[in-house]
Structures are given as C-alpha cells and as structure tokens.
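This briefing walks through a protein–DNA model, one topic at a time. Keep the sequence and the 3D view open as you read.

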Protein chains: 2
Amino acid sequence: MSNNPSPDRASDSDRSASSAAFSPLYQQIKSLLLQSLDRGEWKPGEAIPSELELAARFQVSQGTVRKAIDELAAENLLLRRQGKGTFVATHHEAKVRFRFLRLTPDDGKSSISSSKVLECRRVKAPADIAALLELRTGDTVVNMRRLLSFDQTPTILDDIWLPGAVFKGLTAESLARYRGPLYGLFESEFGVSMVRADEKIRAVSATPDQADTLQIASGSPLLQVERVSYTYGDRPMEVRRGLYVTERFFYKNSLN
Amino acid sequence: MSNNPSPDRASDSDRSASSAAFSPLYQQIKSLLLQSLDRGEWKPGEAIPSELELAARFQVSQGTVRKAIDELAAENLLLRRQGKGTFVATHHEAKVRFRFLRLTPDDGKSSISSSKVLECRRVKAPADIAALLELRTGDTVVNMRRLLSFDQTPTILDDIWLPGAVFKGLTAESLARYRGPLYGLFESEFGVSMVRADEKIRAVSATPDQADTLQIASGSPLLQVERVSYTYGDRPMEVRRGLYVTERFFYKNSLN
DNA sequence: CAGTGGTCTAGACCACGTG
DNA sequence: ACGTGGTCTAGACCACTGC
C-alpha cells in the first residue's frame, strides 16, 4: 500500500467489494475475520494465521490487522498468546467455564458439580420461545430440562430451548454420555459457538413442582435467570430459563 | 526518544523513577494519568490535555499516549470525542445513568423516578461494613436508607454505607434538596468518583418491615443486590444493600 | 481555518515459546 | 535460531468540531 500524496486506491476498492462499503479498513478486516470464524475456516481452539500472513492476505499493514484482532480479542472471540499465536476462543477450557456461569459459592470453594438431564424432546416452539430464537411459531425446537448440583445439593434447574434445525440428533442419551460444559458440546458436535448472551434476572417464588425437584420448601425465593445466547452475527441460538437457589451461592456481577 | 541501534535510555530512567518500575511505557503513562485523575488535576466532565500535549509532557510518542488513553477509555474512566478532545467521565449524564442501575422496566418505557430519603445518620461501623470499606470496626460511617419509586410504585429500597471521614456534611437535608443521581452528588460535593462496582445478587423473601415500606405482601420474593463501589486505585467508597421489586422490572446483564 | 481525535503505514526492537 | 505477538516510534492523511 502506498501512502503518497497521490495514492493508488485500486487495492482499496478491491477490498471494499467483499465487505461493508465505507468503514475503516480495520473494521472491514474485522468483518472478514468474523466471516471466516462463522464459516468455520478456523475451529475453536485452533490458531488463526499469524498477523503477517493475514496482512499479506488482505493487502494491509500488520498494524491494521492487529487493530482488528485487538477488538475481537476484547470481545473474547479470539485469544492472544504471546510467542504462540492467536487462537479461536473455545468453551472447552477451565478458564472460560465461569464466563457464562456467574453463580459463585459463598465460601469460594469450587465444589464438584453434577448434571442430570431430566428431559429432552423435540417439540413445536411456543410463540415466546420462537420469537426469541427468531423462528416461526410451531417450528421444531429441542427442549431439555436439567438439574445441576454442587456437593450433592441441587442448585440450578434449567429449561433450555434450541433451534431444531441446527441441533439435529441431540438426545437425552447423547447428553447423558457427555462430560463437560454444554457449550463445549455445542461447539464440537453442532458447530455452534456461543459468543455473547443477554440475561434478565428476577426474584420469584418456587412452585411446588420446582421446590420438589430442588429439594427446598415450596414458596422459597429463587433467582430466575432468562438467558438468550448468540453466535457469530448476533444470531440467537439458545433460550435458557434457569432457577438458582441462592442460599449458599450468589450471582456475581461487575459494573464498569 | 531515539530508536537507534545504540539507544539513549536516559529519558526512560527519568520516567520510571515516578512510576511502576519495569512495565510497558504506555502502562507507566496510564498510571501517571490515573494519578492525575485521582489527585483531581482534571475534574469530571472536563477535557484532559490533547494527546500531543501529553506526549510532550511525558516525552513519549503520541502513539504511546494514545494506547494509554485507549485503555482508560475502555474502562469508562475517560470519554473520547472526535474533534473535541478527551473528557473525564462523569455521572452527571443521561447516558451514564444506567451504567450502574441495571434495573429495567418490562415495557421499556423509562418512567419518572422519585427518591425519598428515609434516614441519614452518622454511626459506628458494624464489623462487616467496616471490613468491606477497609475501615476499622467502630470508625464512623454515614448510613442512609432511601426508597426509589417509578411511576409512583415503590421499587428499590437501598441501605447505603459511606466512610464518614470522606463524606463530611452529608445530611438528610442536603440529600433532600439534591436532584439527580447520587453518584453525581458524590463527585461534585465530595470529590469522589465511582469507577467500578462489584455486585452479589440473591433472591430473598421480604420481611414484614420491608414489605411494608415497599407496599408488597410480606414474604414476597425480592432481588437482593449487595454492591461495593470503588474509586480510583480500587479504594472501596460505598457499600450498598438494595432490595428490588422485580414484578414489572428486571435486572439486565450481558455476558461476553 | 486550526486543533482534536481516528486511521494507516513502515520499520525497529523486545519478550516469549519452541525446537 | 526462529517465529510469534507486544511495544514504540515517526509521519502522513482523514473526519469531525468550532471559530
């Protein structure tokens, strides 16, 4: 790229053809990288090409690639490791486990967790779920319910909804066999990377049914967490309604 | 600064004398900027010197100053405005109001809020509050309780604790006269800028007293939010225990 | 028009991880 | 020794703001 008083803009127009029209170069590079991630050109956990390689591929300077990667790293889509390279974020990692699970034990001790799948079936989407997943009412969705326990104490009751077209072959049996975080399974088995989520939190009273499965008194206060998770391109891929027992745990949040 | 094969490092050692010893230059600049902010050299809402001025002052390149400011802007301590300058963040702004108040109405309509101070007195700090504020048990603290209503509906009951040595002259009367966000008052009247906060969230049942002031049924589920707020240098400056009625509001959070 | 932050480049050197 | 990302610089030009 020349940077002279009368610059040659030919290569610029080449680039903008395949990307958002008039935005900063590094933003265009960022979109291109996002497209590659979305398309699965580099899988979660793998390294992406080096900054110099990408600079050569896109015909820009290393600094411009760097700024694009900086933003993706700030959004936790990429992970930089000095001396090694830049890697696609994955949910198969101890560090990342608590990025989406904000429930924390009072005494700080990380206790052993167990997950029991109570139900998993394919059904027609209710209107509210369909809307949140940007599907049509009646489109088929996977509905699973599970109970998470810490130190043998039932703590989280989750009701999860997934688009049926994407999560083919997800059954109670395959879930029961799997060890590890659910979002890790989604990555490996269905090619769906969860990248971001919004949560709406309320306090509610346990219904008799809920109280029964959580082994608490009916009417006890519960934290209700309604989450919508998104993949690349802000496409919603999961709706999750969780009920948390906050007797010995709390939901941790940081405001900046 | 020379960048030759045999560089002259004299100016480097000059700088490191007044800052953390061996860290990247831009991190040292960042600390110096933080010190100036903490010391009140530039007040909330004011512009800080231009990048070129700061570069001249610290004897570094504009790019290095820029990277320091980038991080402070990412942490919401500074606000960049193209063509105008870089400004110190302030809580006197509509945009920032909802940075620390995460309670959102179901219907999205921003309703008028009113704040009623129920109590404000200087007392000796209980052990738990003192620990959170990094004071000694029995040091004097300001304790205030207030009720926030939206559309005439009582919604938030706050119990707030502040270090007495810093918040001299804070009385129920001065609070009653003041309009606007509490953190704005803290900035203007006491020179305390809240920069970050940690929250622990639980679901609880309303006690008879709480139910009475919030005009709900005794035993109703409430969101309990325990917040510790920090100024520059991670010094705790407020402990706040809030009870939120989440009937027509929810606590909004984003996971990245 | 001048001054501010925003973008882009090119090149040097440093720090880290691996072979 | 080599390749990776990390830091730092210098300089050009762009985009926005306000006089």
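**Sheet in chain B**

In chain B, 3 strands make up an open sheet with the order 1-3-2 and antiparallel pairing. Strand 1 (47-48) and strand 2 of chain B are the edge strands; each has a single partner strand, so one side of each has no neighbour in the sheet. The model is predicted.

- Strand 1 of chain B pairs with strand 3 (residues 85-88) of chain B over 2 bridges, in the antiparallel sense.

- Of the atoms of DNA strand D that come within 4 Å of the protein, 85% belong to sugar and phosphate.
- By residue class, the surface near DNA strand D holds 6 nonpolar, 10 polar and 6 charged residues.
- One contact goes to a base: a backbone N or O atom of Gly83(A) is 2.9 Å from a base nitrogen of DNA strand D.
- Another goes to phosphate: an N or O atom in the side chain of Lys67(B) lies 2.8 Å from a phosphate oxygen of DNA strand D.
- Gln82(B) places a polar side-chain atom 2.9 Å from a sugar or linking oxygen of DNA strand D.
- Which elements give two or more residues to the surface near DNA strand D? Chain A supplies strand 2 (78-81) and strand 3 (85-88), while chain B supplies helix 2 (25-39) and helix 4 (62-74).

**Salt bridges**

Side chains of opposite charge can pair when their charged atoms come close. Over all chains, the whole structure has 38 salt bridges.

- Arg57(A) and Glu41(A) form a salt bridge, with their closest N and O atoms 3.1 Å apart.
- That pair links distant parts of the chain, 16 residues apart: Arg57(A) is in helix 3 (residues 51-58) of chain A, and Glu41(A) is in the loop between helix 2 (25-39) and strand 1 (47-48) of chain A.
- Arg57(A) is partly exposed, at 41% relative accessibility.
- Glu41(A) is also partly exposed, at 34%.
- In chain B, Arg80(B) forms a salt bridge with Glu51(B), and the closest N and O atoms are 2.1 Å apart.
- This pair also links distant parts of its chain: Arg80(B) lies in strand 2 (residues 78-81) of chain B and Glu51(B) in helix 3 (residues 51-58) of chain B, 29 residues apart.
- In chain A, salt bridges with shared partners join Glu51(A), Arg66(A), Asp70(A) and Arg80(A) into one network.
- Arg196(A) forms a salt bridge with Asp198(A), the closest N and O atoms lying 3.3 Å apart.
- Arg196(A) is partly exposed, with a relative accessible area of 22%, and Asp198(A) is partly exposed at 24%.

**Strand 10 of chain A and its partners**

- Why is strand 10 (residues 235-244) of chain A called largely enclosed? Of its 10 residues, 8 are buried, so the rest of the structure largely encloses this strand.
- Strand 7 (residues 153-163) of chain A runs antiparallel to strand 10 of chain A, and 6 bridges join them.
- Trp161(A) has Val239(A), in strand 10 of chain A, as its bridge partner.
- Strand 9 (residues 221-231) of chain A pairs with strand 10 of chain A over 9 bridges, in the antiparallel sense.
- Strands 9 and 10 of chain A form a hairpin with 3 residues between them. Gly233(A), in the turn, has a positive phi of about 75°.

**Ser229(A)**

- Ser229(A) belongs to strand 9 of chain A.
- Its bridge partner in strand 10 of chain A is Glu238(A).
- Is Ser229(A) buried or exposed? Ser229(A) counts as buried, because its relative accessibility is 0%, and the cut-off for buried is under 20%.
- The side chains of Ser229(A) and Tyr183(A) are joined by a polar contact of 3.0 Å.
- Leaving out residues up to four places away in sequence, Ser229(A) touches Tyr183(A), Met194(A), Arg196(A), Ala197(A), Arg235(A), Pro236(A), Met237(A) and Glu238(A).
- Among these, Arg196(A) is the residue that forms a salt bridge with Asp198(A).

Note on methods: Residues are numbered from 1 along each chain as its sequence is written. Chains are lettered from A and ligands numbered from 1 in the order in which they are written. This is a predicted model: local features need pLDDT of at least 70, side-chain atom pairs count only at pLDDT 80 or more; totals for chains, interfaces and linings use all residues. Side-chain values use heavy atoms; hydrogens and water are left out. A salt bridge is a side-chain nitrogen of Lys or Arg within 4 Å of a carboxyl oxygen of Asp or Glu. Helices (H or I, at least four residues) and strands (E, at least two) are DSSP runs, numbered from the N terminus. Buried means under 20% relative accessible area, exposed over 50%, partly exposed in between (1.4 Å probe, protein chains only). A residue is near a molecule or strand if one of its heavy atoms lies within 4 Å of it. A polar contact is a pair of N or O atoms within 3.5 Å; within protein, one must be able to donate a hydrogen and the other to accept it, and residues adjacent in sequence count only if both atoms are side-chain atoms. Ala, Val, Leu, Ile, Met, Phe, Trp, Tyr, Cys and Pro count as nonpolar, Asp, Glu, Lys and Arg as charged, and the others, Gly among them, as polar. Two strands pair if DSSP finds at least two bridges between them. Contact means heavy atoms within 4.5 Å.
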